[in-house]
Structures are given as C-alpha cells and as structure tokens.
Amino acid sequence: MSNSQKYRRFLWVMLCLSLMLCAGYFYYMVQSSIPDEISVYEGQEEQLDEIFPSTFVTYDDSLEVLGSDSYRITCRLFGVVPVKTVTVQNVAQRTVCVSGDTIGLYMETDGVMIIDTGEVDAQDVMLSEPAKNIAKAGDYIMEVNGKKLEDKQELMQMVEESQGDEMQLLVKRGDEEIMLALRPVLTTDGSYKLGIWVRDNIQGIGTLTFMEEDGTYGALGHGISDMDTGELLSLEQGELYSAKILSISKGVKGNPGELKGVITYQETEKLGDITDNQANGISGMLNDNGRQRLSLTPKEIGLKQEIQEGPASILSNIDGTVEEYGIEISDIDYNEKNTNKSFVIHVTDQRLLGATGGIVQGMSGSPILQNGKLVGAVTHVFIKDPSRGFGIFIENMLKD
C-alpha cells in the first residue's frame, strides 16, 4: 500500500471517528435536554407537544400506565432511536399565595449535635482527646446513660456530675443509632470535658416563598444545614417569627452580602411553626398572626416546562416592604441532580443591584415570577458574581 493510500485511509478513519463523536455528543445533548419526570395539567396532554418541540424528537403514542394519574412514554430520535423514557404525572392546576416577606427562623435540633471533636487541657497530661475516633461531626446525642437528653446545658451538667466516670451516649449517626462510651477528662481549670463541641439550635433570616390554602407554607428553597459540618439539620421543633431588616451588607465579588436584622422572639411576633427541614426548603403551618401580617398574593403555579429563558421577576423584602425586581432566567436544566440549582438567574433591576449588589444571604426563598405565574424561588448566589444565582423549580418545593 502506497503512502498516499495510507494517508487517505487515515483521513477516512479520522472522518468516521469525528462523525461518531459528533453523533454521540448530539445524542447526549438531546437526552440531557429531556426531563426525566414532567407534570402536565389534567385534560391538557397536548402540552407534551410543547415540551418536545424539536422535530428531531418524538414520543410514542403507546404508553405504560403506572397508576391513575401517571404513565411512561418513550421518546425517540428521528422517530426511531430510543432516547429516554419519561414519567408523566397528571396534576390539577394549582394556585398558592406568594409572599417574599423576610422571616426569622428558630430551630431546635433532634438531639444535641456534635459539630467537632478536639483536644482539651487535661491535668494529668499536656493535651487529651477523649472523643477522638469515637464521636464524629454530625452525630446527634439522643440519650446519656439511658436518660433522654434535652439540651446542651443538660449535657454539660451531666458531664460535670460524672466526676470522670465513663458515660454511655446513644447517638444517631445517619439512619443508625449507636452507643458510644466516652470518659470525661479533668481539665486544668478543674472542670470535666468530653472534648466535643455541640449545638442544639440555630437562628437566622430567610424569605417566605408561598402559602397554600390550608396555611401550610414553603420557604428558603434549600434546607438549613449546619455551618460547620454542612449536614442538613435534623429538626425536633422550630418557629417562625417576624424579622426587621436593620442594614444590608452589599455583595461583592468573592464575598456574598447579607440582610442583617433582628428577630423578635415573643409570642405576639410568632408567625407559625417549622415542621420539616428538607433539601428543597423548610415547611410548616402559618398561624392566624402570620396569615394576617405577611404579604400574600394569589398566583397560579407554573410547571417547569413553562419556564422560558428571558425576563422574569423576584419578590423580596430588603427595606420593610415586599417589592418586585427584574431578573433574567437562563441555563434551565430539567435534570440537575441538585434540585435547588435547576436554573440560573441574573439580577437586572438597578434598584436591587444598587441596594444589595444582587442576591444576598436572607433572600433565599424569594419567589420567582414569570408570565404572571409562580415558577420558582431563589436559592443560592454565585460567589464570584453576586448579581447571579440559582433557582429551584416551584414543583420541587411543592413535592417536599
């Protein structure tokens, strides 16, 4: 075989490989653009044609029935090549009351949470680590010596009363409950310590997203995690209170801003209870005081396939009044595994940019509106660009 023939063969091989790579990339892009699960309004199955507008993608007329309100359809590329099987859920059209009000949060953990272990100044040795390789950050202490533990103050008292005797701690680690044996160490200041740092409550400011007809609400768009461990907090009980914004720390590149305010922990200022802390936000029930004092405006729910790249708005309270601010929606990802980072928002309203720099801590949960419907909520800010952040589909908040 001559050199020219070898060269032509090489070019053909490279062309075939390039075509295969392009075809594979095209297949991947089409597959990732199709949602794994979608909801459609009852009696309006023609919405499926709007979800798959591409002439390259069609779906079979036949379907696999999963239940009275759900079924599966197979999507095909060019009507031939199977691309993905999509679960379709029939849902009723729904209206909720959107808010945007700033709220104060108080949560007590289910057990006393260990946030770290470390060294203590012991009398008999220079340093001691009594909990090393035994307790772990993220453990929840439920019982001590067979007695249910109420709070960290009681734990400190029981450690002091132990006089150095071994203590049996029942802890919840993930989904398991395990027993740990720890012996308090006598320190140089005459007290006993276990060498653990603990927390039993958390407070903060966030934004109420919506309230349903029965008074249940959703807020934040992401769960409340411990700042030290990053773990989602296991909730025992929690309350919502009114909050007043006192100042704003403006967001700049590399340093997210913050709404700074005061929470009034009085019964007359209580707005409701927190009953769930899930990955897609917190929820609970507003009381009569909350329903009367908070800004609540009826809006229809927009399904995720109704969201379009382009202009939208958010509702937020940065100075005592809920205002509507302009944003742009982009980079919609139907299949993002981190469900509270489903699309990107960019603050375009000069009023908000001038006051906060964009998205700041405390604005999580701000409702996102498009075409007159509630389509999502603000969840995160980009550290390198506070004018940008992530949003969650409102469907995901309603599921939790």
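In this predicted model, the largest pocket has a volume of about 780 Å³. Its lining comprises 30 residues, and I205, H222, Q361, G362 and S364 lie nearest the pocket centre. Two or more lining residues come from each of strand 7, strand 14, strand 17 (258-263) and strand 25 (373-382); strand 14 gives the most, with five residues. By residue class, the lining of the largest pocket divides into 15 nonpolar, twelve polar and three charged residues.

The second largest pocket, with a volume of about 370 Å³, is lined by 15 residues, of which M156, Y192, K193, L194 and I196 lie nearest its centre. Helix 3 (152-161), strand 13 (192-193) and strand 14 each give two or more residues to this lining, and the greatest contribution, five residues, is that of helix 3. Nine nonpolar, two polar and four charged residues make up the lining of the second largest pocket.

The largest nonpolar core has 23 residues; I103, L105, Y217, I224, L240, I274 and I282 have the most contacts inside it. Among the elements that give two or more residues to this core are strand 8 (140-144), strand 15 (216-219) and strand 19 (281-286), while strand 7 gives the most, with five residues. Apart from this core lies another, of 22 residues, including I314, I345, V360 and M363. Leaving aside neighbours within four places in sequence, the contacts of I282 include L105, Y217, I224, L240 and I274, as well as H222.

F56 is placed in the loop between helix 2 (47-51) and strand 2 (57-59). Because its relative accessible area is 37%, F56 is classed as partly exposed. Beyond its neighbours within four places in sequence, F56 is in contact with F26, R76, L77, F78 and G79.

Terms used. Residues numbered from 1 in each chain as written. Predicted model: local features only at pLDDT ≥ 70, side-chain atom pairs only at ≥ 80, totals over all residues. Heavy atoms only, no water. Helix = DSSP H or I, 4+ residues; strand = E, 2+ residues; numbered from the N terminus. Buried < 20%, exposed > 50% of the residue type's maximum accessible area, 1.4 Å probe, protein only. Contact = heavy atoms within 4.5 Å. Core = buried A, V, L, I, M, F, W, Y, C linked by side-chain atoms within 4.5 Å. 1 Å grid on protein atoms, 1.4 Å probe; cavity = no way out; pocket = protein on both sides within 12 Å on 5 of 7 lines; lining within 4 Å. Points joined across faces, edges and corners; volume = space filled by probe spheres on them. Nonpolar A, V, L, I, M, F, W, Y, C, P; charged D, E, K, R; others polar.
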